[in-house]
Amino acid sequence: NESVQLDAGESLEQNFTVNASELDTGSQQIGIFTENASRTTTITVSEPEPAELQVDIDEVSAGVQQGAPVDVNVTVENVGDLEAENESIALDLSVAGEPVALDSANVTLAGGESTTLTLSDTVDPLPRAGAFDGTVEVTAGDATDTAATPVDFGSVQTGVDAASEGDTVLVAGEVYTERVVVDTDNVTLRSTQRATLLPRVGDEGIVVSGDGVTVSGFSLPAAPSGSGTAIRVTGDEASIRGVQIANWGAGVATESGGDHVVSSAVINSVGTGIRFAGDGGSEVRYSLISGTERGLAIEASPTRVFATLVTGSNRGIIILPVPLDAGGLSTADAEGAESELRSNTVGLDARNTADRDQTIDVTASNVEANQVAVVNNVTNASDGAETSAFGAATADGGFSTQDNGDDPVNVEAFGINDAS
């Protein structure tokens with residue numbers, strides 16, 4: 001209720017405020033009345049909208065790295081009519097569904113009010129290496145906004161160090177200049193997109209000292225000095241899968257333990273492709289070894305070579321004597337099944353030393369187009385006679401032999417009548 005005085009021809013704009021909470025909902029008539037005039041209109045009175053938050057991610061700090069803080073700037077607005085009191089705004093940064101950074105803050109906003117804030121946390125380590133896609137998610141009540149950001153987990157060794165027994169260390173397909181030591185049991189070290197490992201110093205790429213370790217999918221193209229060992233195994237039951245190795249002194253070398261498996265490996269231009277030593281029970285399968293001094297050097301018994309091609313090497317397979325201190329083990333047994341020794345200087349070198357028997361089974365394998373198929377001139381002290389180092393080996397699958405210069409190959413063990 002306002003009192004005003006106007007001169008002739010004068011006008012005035014007057015505002016009136018009505019407390020809508022005192023009105024009933026629905027259609028209501030309101031009016032302006034003077035002594036000699038009035039004007040009315042109809043308005044609709046509705047219930048106030050409850051508080052409703054909207055959230056937008058404005059910016060995520062660049063270069064998100066494991067062990068470093070990540071900052072996320074957000075804008076939060078209350079698009080409702082009622083006050084939003086002490087509402088939680090939560091940050092979740094995750095990689096493949098696994099949270100690595102969390103933070104939260106509380107805000108109070110009147111209807112229509114907005115605010116900006118920064119959420120921050122330190123990125124937790126995961127058993128990973130290199131950059132992986134991360135997802136930033138910010139929630140405010142029922143509202144959510146997301147943004148993509150790469151998260152860099154650093155070196156391969158950092159990822160290995162973050163792993164516990166039974167974990168899988170995922171390595172992004174990048175180039176890593178480091179030497180890696182895996183000393184935790186039952187860890188899988190797996191490259192997701194053919195990671196390349198280039199050691200800065202030393203003559204080793206990967207050292208496997210834990211038991212039950214799997215190494216999969218790496219490329220090791222060259223040692224710093226062109227020598228050394230790409231993958232050296234001192235643990236037990238190692239599995240080396242899908243690796244590509246070139247220009248090392250040795251590709252894969254097992255120095256101890258047993259029951260190792262090398263599968264789907266491509267190894268070329270190295271001194272020794274694969275060397276098996278230790279307790280034996282190891283296997284090579286579905287692999288290609290080429291351009292080596294020694295394709296396979298076997299001194300662990302028993303050893304199985306399955307569906308593997310050794311080519312273009314000085315010695316395709318060389319059987320080395322089991323050491324005298326090998327715990328009473330007196331035979332160096334090797335089996336080649338569905339494998340091929342082709343275009344080597346010597347396909348199979350099975351020479352031995354005194355007091356050692358060797359049994360070499362080449363069932364269903366091919367030894368052909370080598371300059372010399374077999375070198376096996378051996379004196380076996382168990383019977384004092386020069387004999388075949390192959391014992392009861394078989395010759396199924398088209399096994400071929402060739403003359404070995406002054407020392408003709410003894411082919412009787414293969415059931416072959418001549419060496420033609």
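How many of the five residues of strand 31 are buried? In strand 31 (residues 315–319), five of five residues are buried, so that the strand is mostly covered, where buried means under 20% relative accessible area, exposed over 50% and partly exposed in between, with a 1.4 Å probe and protein chains only. The structure is a predicted model, in which local features need pLDDT of at least 70 and side-chain atom pairs count only at pLDDT 80 or more, while totals for chains, interfaces and linings use all residues. Residues are numbered from 1 along each chain as its sequence is written, and side-chain values use heavy atoms, with hydrogens and water left out.

**Overall make-up**

- The protein has one helix and 39 strands, these being DSSP runs numbered from the N terminus (helices are H or I with at least four residues, strands are E with at least two).
- Of the 420 residues in the protein, 42% are buried.
- Among contacts between residues at least 6 apart in sequence, 51% join residues at least 24 apart, a contact being heavy atoms within 4.5 Å.

- Nine strands form an open sheet with parallel pairing, in the order 13-16-19-22-25-28-31-34-37; two strands pair if DSSP finds at least two bridges between them.
- Strand 13 (180–182) and strand 37 (372–375) stand at the edges, and because each has a single partner strand, one side of each is left without a neighbour in the sheet.
- Neighbouring strands of this sheet are turned by 10° against each other on average, direction ignored, with axes taken as lines fitted to C-alpha atoms (for helices over the stretch in contact) and angles running from 0 to 180 degrees between N-to-C directions.
- Within this sheet, strand 22 (residues 250–254) runs parallel to strand 25 (residues 272–276) and is joined to it by four bridges, and Ala253 has Arg275 of strand 25 as its bridge partner.
- Strand 31 is joined to strand 28 by four bridges in a parallel arrangement, with Ala297 opposite Ile318 of strand 31.
- Strand 31 also runs parallel to strand 34 (residues 346–349), to which three bridges join it, and here Ile318 stands opposite Asp349.

- Ser290 lies in strand 27 (residues 288–290) and counts as buried because its relative accessibility is 19%.
- Leaving aside neighbours within four places in sequence, Ser290 is in contact with Ile267, Asn268, Ser269, Thr311 and Ser313.
- Thr292 is placed in the loop between strand 27 and strand 28 (294–298), and it counts as buried because its relative accessibility is 6%.
- With neighbours within four places in sequence again left aside, Thr292 is in contact with Val270, Gly271, Gly273, Gly312, Ser313 and Asn314.
- The C-alpha atoms of Thr292 and Ile267 are separated by 8.6 Å, although these residues are 25 apart along the chain.

**The antiparallel strands**

- Strands of a sheet pair through backbone hydrogen bonds, either parallel or antiparallel.
- Strand 4 (residues 69–78) pairs with strand 7 in the antiparallel sense over nine bridges, and Thr75 stands opposite Thr116 of strand 7.
- Strand 1 and strand 2 run antiparallel and are joined by eight bridges, while a hairpin connects them through four residues; Ile32 stands opposite Arg39 in strand 2.

**The largest pocket**

- About 580 Å³ of space lies in the largest pocket, a volume being the space filled by probe spheres set on grid points joined across faces, edges and corners.
- On a 1 Å grid over the protein atoms alone, a pocket is an open set of points with protein on both sides within 12 Å along at least five of seven lines, unlike a cavity, where a 1.4 Å probe fits but cannot get out, and lining residues have an atom within 4 Å of a point.
- The lining has 19 residues, of which Glu2, Val4, Ile32, Phe33 and Thr34 are the closest to the centre of the pocket.
- Strand 1 (26–33) and strand 2 (38–45) are the elements that give two or more residues to this lining, and strand 1 gives the most, with three residues.
- The lining divides into eight nonpolar, eight polar and three charged residues, where Ala, Val, Leu, Ile, Met, Phe, Trp, Tyr, Cys and Pro count as nonpolar, Asp, Glu, Lys and Arg as charged, and the others, Gly among them, as polar.
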